[in-house]
Amino acid sequence: MHMPVIKSVIRLNDLDIHFVDEVIKTGSEVFGEDVPKTIMACMQCGRCSGSCPSGRRTAFRTRTIFREVMIGFREKVLSSDELWYCTTCYTCQERCPRGVKTTEIIRILRNIAAKEGYMAKSHKMAAGYVFKTGHAVAINEEIQNVREELGLSRLPPTTHSHPEALAKLQDILRRTHFDELVGFDWETMELKEV
Amino acid sequence: MNIGVYVCHCGTNIAGVIDVEKVTEYAATLDGVVVARNYKYMCSDPGKELIRNDIKEKNLDRVVVAACSPTMHEKTYRDVMEEMGGNPFLFEMANIREQDSWVHTDKDEATEKAYDLVRMAVAKVRKNEPLERIEIPVTQRALVIGGGVAGMEASLDLAEQGYEVILVEKEQSIGGHMSQLTKTFPTLDCPMCILAPKMALHEHKNITIYSFSEIEEVSGYVGNFEVSIRKKAKSVIEDLCNGCGLCQEKCPTKVLSVYDGNLGMRKAIYTLFPQAVPRIPVLDRENCLMFTKGKCGVCKKVCPTDAIDYEQQDEIVTEKVGAIIVATGYAEYDPSEIAEYGYGRYKNVLTGLQFERLTNASGPTLGALKRPSDGATPKRFAFIQCVGSRDVNTHEYCSKVCCMYTVKNARLLRDEHPESEVYVFYTDVRSAGKGYEEFYKISQEKGVKFVRGRASEIVGLPDDNLLVRTEDTFTGNVIEAEVDMVILACALLPTEDSAKLRDILKISEGTDGFFLEAHPKLRPVDTLTDGVYIAGCAQGPRDIADTVVHAKGAASGASVLISHTKMSLDPISAYSDESVCRGCGECKLVCQFGAIEIEPLDGRLIANVNEVLCKGCGACVGACCNGAMTIKHFKDEQINSMIEAAMEVA
C-alpha cells in the first residue's frame, strides 16, 4: 500500500523574506552591490537550468534556487546538497536574459552556507589539500611533463617551488579562521570528520 | 505694474509638502504684487476664474502661477491672459511641484524653496516683454514615408479628406511586411485579401506614389517642408511598362529572394509579389548580366512596349508639403548572434518571417511545407519565443507581436497537419488584445504543446533534425525535444536606415532605437519636430490592428495641421544684433535646427535667424563670443533678474 505524500501549505509569513537582502548584502562585500542585486530581476524563465551541464545529470536547478532565495526558503537553500553541484562554468550567467549574475550568486550562497556549517564534503576535502600542499589540486607527474614541453619550469612558482611559503599560507588560513570553517585538525593534518 | 501670484495646492501634490498659505503670504510682500491667492486646483475652471476676476477688478497686467511644470500648464494660463485681453508672454510659472514638493520631504525647507522659486518668477515677470505670435502659411499637402499598412492607412485617410498625399516607398511595391504574411491573428484572414482594397490607393486621385524611392533631403519647417526624393533607376520606363511580366518570365538570371527570406529565387528583373503595386518590375543591376557581363538583353528583346532602359539614371524630384508622416516600419532581428540557437548554421532553423514565406501560397514553395535542408515534409516543430527580445544581451523590450503570431502559426499547423507535433517554448504568453486570449485558448485545445521555459540551446543532429533543450519550469525537469524544424520568434527592430532618416527629419529616437514620440501617452503620434508625425512600428513594435489605429492617429494629427491655411507659432526665438555680430558663424555650427544663415550685409557678414525654424533652445546664445545673440523671453536681463532674486534671502 502506498502512503500518500503529505505536503502542507506553506505560509509566506513563516519564510525569511529578508533572505534575499542578506544574500545581496553578503555578496556586496565580495562583488560590490551591482552583482548580487541582479537577482531581483530574475523572471524565472528557466534558461539557466536548461543551459546547465550539471542540471542535466543532477537535481541541481539554478532557477529553483533563485526562486527559493527570492521567496525566503533560507534553511532549505543553505542546507541543500544541490547548491554544491554547480561547476561554475558560467554558461547560465552568459545566457541570462535579465542579466542576473547567476554563477556569482551561487558562489555567494555557498559562502553563506559555509558559514552556517553547510559545506559539501568534496569541497572540504579540496580545502584540506590547500592546508597540506597550498593547492586544491596538487601537481602531478603528467602536468609537470606538460609544463616542461611548453618550456616552463617543471614546478610553478607557488608552494611547489617554495615549500617554505607553505607555513605562511597556513598562517593566513589560521588567522582567517578558514581552519574552523572546514574543520581542519592541525594535529593530524587531516579534516576532523569526513 | 500690477502682478498677481497664484499658488496651486495641486490637491496634496504640492500642499502635502509645501505650506501654501505661507507661500501666498510671502508672495504678497514682493515688489509689484497686488494680489496673491492660493487654490486647490488652479488649472480648474474656478481656479482660472480667480485669475480672470483679478485681471478685471485689480487691473493685473502680469501673472505668476506657482504650480507644476510649464510643459504641463503654461499654455492653460497663457490662454487665460490672451482671453482677458492681456499679452500671454507677461506670464511666468514657478514650478513648485516637479522641482520642489515632488523631490523634497522636509516641509520647512521645501516651503523655503517655494519662496525662492516664486521670488524668481516674480522678478522675471517684471522684466518680461509683450511678444506677438508669428503667423505662417501652411501647404495643404502631406508626405507619407513608407508604404506598409501604416503608410497606406495614413495616406488613404488624408486623401479621403481631400488632401494631396505623396507616398514614398523604398521597395518597388507598397505592401510592406504585411504582404509577406500567410494569415493574420486572431481572425486568420488572408493578409493580401484584406490589404488589396487599401493597395488600390494608387488609383486615388489625391495620392502620388514614388516607389523604389528614398528621401534625400528635407528642408523648411512645419507647414512648409520641401522634400527631395530620389527615384532610383528601375531601368524600366514606368510610363511605357504595362506590367505584363514577360521580362521576369524570360530573364535567365536567378537570385536569392530577400522578400522570400532567402528561401527561394527571383529573377534579376522582378516584382516582389504577384499583386505588387505598382506592377512595374525593377532591374537589379548588381545581378543583371547586362551590367555584370555586358551581354544578354533578353528583357529588352521580349518587352512588347520597349520599356526597358539600361541607361536610366536616378532622378531627384522635389515636393512641397505641410506635414510629414514617418511610417517606415520595422526590420526583423538577425538571430545568428545568439550562437546557441545555431541560426545560419542549421538549415532548418528559420525566423518567423521566413516561416511566413514558407507557408505562403505565393512563397518559394507555393505554400507546400518543405524544410530547407532536404525538402522533406517536417512533422515536428518547435517555436522559440523572445529571440532577441526581453533579453538584456540583445534588446530589452518585448516585441509584442511574437506571442500571437507564433500561436497563429502553431495553430495553423495543427489545423492543416493534424499529425504534426507542435511545441512552443515561451517565457510568458502575452495575449492582451481583443479576441487574442480566446485565440490562444483555441490553440491549446487544438493540441499545441506550450512549454514554459526559455529555450537554452539547440543542438543540430546528423540528419538535420534539431534538439531543443530547456527547463520545463512548471515541473522543474530539464527537457529535450527532437524536432524537424525550429522557428525563432525574432524581435522587431528599427529599420536599418532609420538613423539616416532621423537625421534628415531632425527627429529623436528612444534608447530602443525606435522613433520617439513627443509624449508616450498624450502625444503618441507627434514627434518633437513640429509637423512630423510617426505611425506604426517606426515608433515601436505593434501588431496590424494597433498599427492601423496609430496610423489613423497620425493622419488625424497631420490633418489638424494641414486643414488650416495659416498657423501661428511661439515667438520665442533668437535674433542677432546686427551692430555687434561679426558673422563668425559659431552660432550656425551649434544650431541643430538649421535656423541660422550667415549672410552678407553692407559688405560684411552677419548671422540671420529664421524665427520659424528656431526652437529657442539658446545654444547659439552660448556660442556667440561677443553677445550679439539674444533669445526673446530669455534675455540676459531677464535671466539675470532671476539669478539676483535667487541670491536674495526671503
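In the model, 17 residues of chain A are in contact with 15 residues of chain B. The model is a predicted one. On the side of chain A that touches chain B, the elements that supply two or more residues are α2 (47-51) and α3 (62-71) of chain A. The most comes from α2(A), which gives four residues to this side. By residue class, the side of chain A that touches chain B divides into three nonpolar, eight polar and six charged residues.

Chain A has 194 residues, and buried residues make up 28% of them. Its secondary structure comes to ten helices and two strands. The C-alpha trace of chain A spans about 60 × 45 × 40 Å along its principal axes. Among the contacts in chain A with a separation of 6 or more, 60% are between residues 24 or more positions apart.

Chain B has 650 residues, of which 45% count as buried. The secondary structure of chain B comprises 18 helices and 32 strands. Taken along the principal axes, the box filled by the C-alpha atoms of chain B is roughly 90 × 70 × 45 Å. Of the contacts in chain B between residues at least 6 apart in sequence, 70% join residues at least 24 apart.

Within chain B, one helix pair was examined. Two packed helices are described by the angle between their axes and the distance between the axes. Helix α6 (residues 149-160) of chain B packs with helix α7 (residues 191-199) of chain B at an angle of about 40 degrees, and the two axes are 10 Å apart. Because of this angle, α6(B) is oblique to α7(B), as angles under 35 degrees would count as roughly parallel and those of 65 to 115 as roughly perpendicular. The crossing of α6(B) and α7(B) is left-handed. From α6(B), the contact is made by Val149(B), Met152(B), Glu153(B) and Leu156(B); from α7(B), Leu195(B), Lys198(B) and Met199(B) take part. The residues of this contact between α6(B) and α7(B) comprise five nonpolar, no polar and two charged.

Methods
Residues are numbered from 1 along each chain as its sequence is written. Chains are lettered from A and ligands numbered from 1 in the order in which they are written. This is a predicted model: local features need pLDDT of at least 70, side-chain atom pairs count only at pLDDT 80 or more; totals for chains, interfaces and linings use all residues. Axes are lines fitted to C-alpha atoms, for helices over the stretch in contact, and angles run from 0 to 180 degrees between N-to-C directions. Angles under 35 degrees count as roughly parallel, over 145 as roughly antiparallel, 65 to 115 as roughly perpendicular and the rest as oblique. A crossing is left-handed if the near helix is turned anticlockwise from the far one by less than a right angle, and right-handed if clockwise. Two residues are in contact if their C-beta atoms, placed from the backbone, lie within 7 Å. Ala, Val, Leu, Ile, Met, Phe, Trp, Tyr, Cys and Pro count as nonpolar, Asp, Glu, Lys and Arg as charged, and the others, Gly among them, as polar. A residue is buried if 20 or more other C-beta atoms lie within 10 Å of its own, exposed if 12 or fewer, and partly exposed in between; C-beta atoms are placed from the backbone.
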